Amino acid sequence: MRERHPTPRICSKVRCTGAATATLTYVYADQEAVVGPLALHPEPHSYDLCAEHAQALRVPEGWRVVRYRPQPDF
């Protein structure tokens with residue numbers, strides 16, 4: 001069986017060709033945008049973002065941004 005090489009994922013923002021480093025998910029019920037590490041697999045209701053767009057994310061008034069940064073294992 002041939003080994004598959006993962007396809008690099010790029011930022012979901014229009015015209016951006018940066019490498020995806022984060023995943024954005026909207027939680028409409030809580031009016032939150034959650035930004036975390038790049039998901040292991042692309043999800044249909046999430047967006048892959050490059051570091052620049054993940055940092056510069058803006059949300060509608062009244063919403064909040066939750067930035068999830070997992071703690072390293074020691």
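Analyst: The side chains of Asp-48 and Arg-9 are joined by a polar contact of 2.8 Å. Please note that this is a predicted model.

User: Where does Asp-48 sit, and is it buried or exposed?

Analyst: Asp-48 belongs to strand E3. Its relative accessibility is 11%, so Asp-48 counts as buried, the limit being under 20%.

User: And where is Arg-9, buried or exposed?

Analyst: Arg-9 is found in the segment before E1. Arg-9 is likewise buried, at a relative accessible area of 18%.

User: Which backbone oxygen lies 2.8 Å from a polar atom of the Arg-9 side chain?

Analyst: That is the backbone oxygen of Ala-39.

User: What else does Arg-9 touch, leaving out residues up to four places away in sequence?

Analyst: With those left out, the residues touched by Arg-9 include Gly-18, Ala-19, Ala-20 and Thr-23, and also Leu-38, Leu-40, His-41 and Pro-42. Arg-9 and Pro-42 are 33 residues apart in sequence, while their C-alpha atoms are 8.5 Å apart in space.

User: Same exclusion for Asp-48: which residues does it touch?

Analyst: Asp-48 touches Arg-9, Ile-10, Cys-11, Ser-12, Ala-20, Ala-22, Thr-23 and Leu-38, not counting residues up to four places away in sequence.

User: Let us change topic to the rings. How many aromatic pairs are there?

Analyst: Counting rings whose centres lie within 6.5 Å, there are four aromatic pairs. One of them is formed by Tyr-26 and Tyr-47, with 6.0 Å centre to centre and 70° between the planes, and is edge-to-face.

User: What does the pair of Tyr-26 and Tyr-47 tie together?

Analyst: Tyr-26 lies in strand E1 (residues 22-27) and Tyr-47 in strand E3 (residues 46-49), so their pair ties together parts that are 21 residues apart in sequence. As for accessibility, Tyr-26 is partly exposed, with a relative accessible area of 28%. Tyr-47 is also partly exposed, at 39%.

User: Which aromatic pair does Trp-63 form with Tyr-28, stacked or edge-to-face?

Analyst: Tyr-28 and Trp-63 form an edge-to-face pair, with 5.8 Å between centres and 85° between the planes. Tyr-28 lies in the loop between E1 and strand E2 (32-37), and Trp-63 in the loop between helix H1 (51-55) and strand E4 (64-67), so this pair ties together parts that are 35 residues apart in sequence. Tyr-28 is exposed, its relative accessible area being 58%.

User: Which residues do the ring pairs link into a cluster?

Analyst: The cluster linked by ring pairs consists of Tyr-26, Tyr-28, Tyr-47 and Trp-63.

User: Now the whole chain. In what order do the elements run?

Analyst: The protein chain has one helix and four strands. Starting at the N terminus, the order is β-β-β-α-β.

User: What share of the residues counts as buried, and what does the chain expose?

Analyst: Of the 74 residues, 23% count as buried. The chain exposes about 6,500 Å², of which carbon and sulfur atoms supply 54%.

User: What about contacts between residues 24 or more positions apart?

Analyst: Such residues account for 55% of the chain's contacts with a separation of 6 or more.

User: Finally, the box and the charges: what are the values?

Analyst: Taken along the principal axes, the C-alpha atoms fill a box of roughly 50 × 40 × 20 Å. The chain carries 9 positive and 8 negative charges, whose mean positions are 7 Å apart.

Conventions. Residues numbered from 1 in each chain as written. Predicted model: local features only at pLDDT ≥ 70, side-chain atom pairs only at ≥ 80, totals over all residues. Heavy atoms only, no water. Phe/Tyr/Trp six-rings, centres within 6.5 Å; stacked < 30°, edge-to-face > 60°. Helix = DSSP H or I, 4+ residues; strand = E, 2+ residues; numbered from the N terminus. Buried < 20%, exposed > 50% of the residue type's maximum accessible area, 1.4 Å probe, protein only. Contact = heavy atoms within 4.5 Å. Areas by Shrake-Rupley, 256 points an atom, 1.4 Å probe, with all protein chains shown as cover. Lys, Arg positive; Asp, Glu negative; His and termini not counted. Charge placed at Lys NZ, Arg CZ, Asp CG, Glu CD. Polar contact = N/O pair within 3.5 Å; in protein donor to acceptor, adjacent residues only side chain to side chain.
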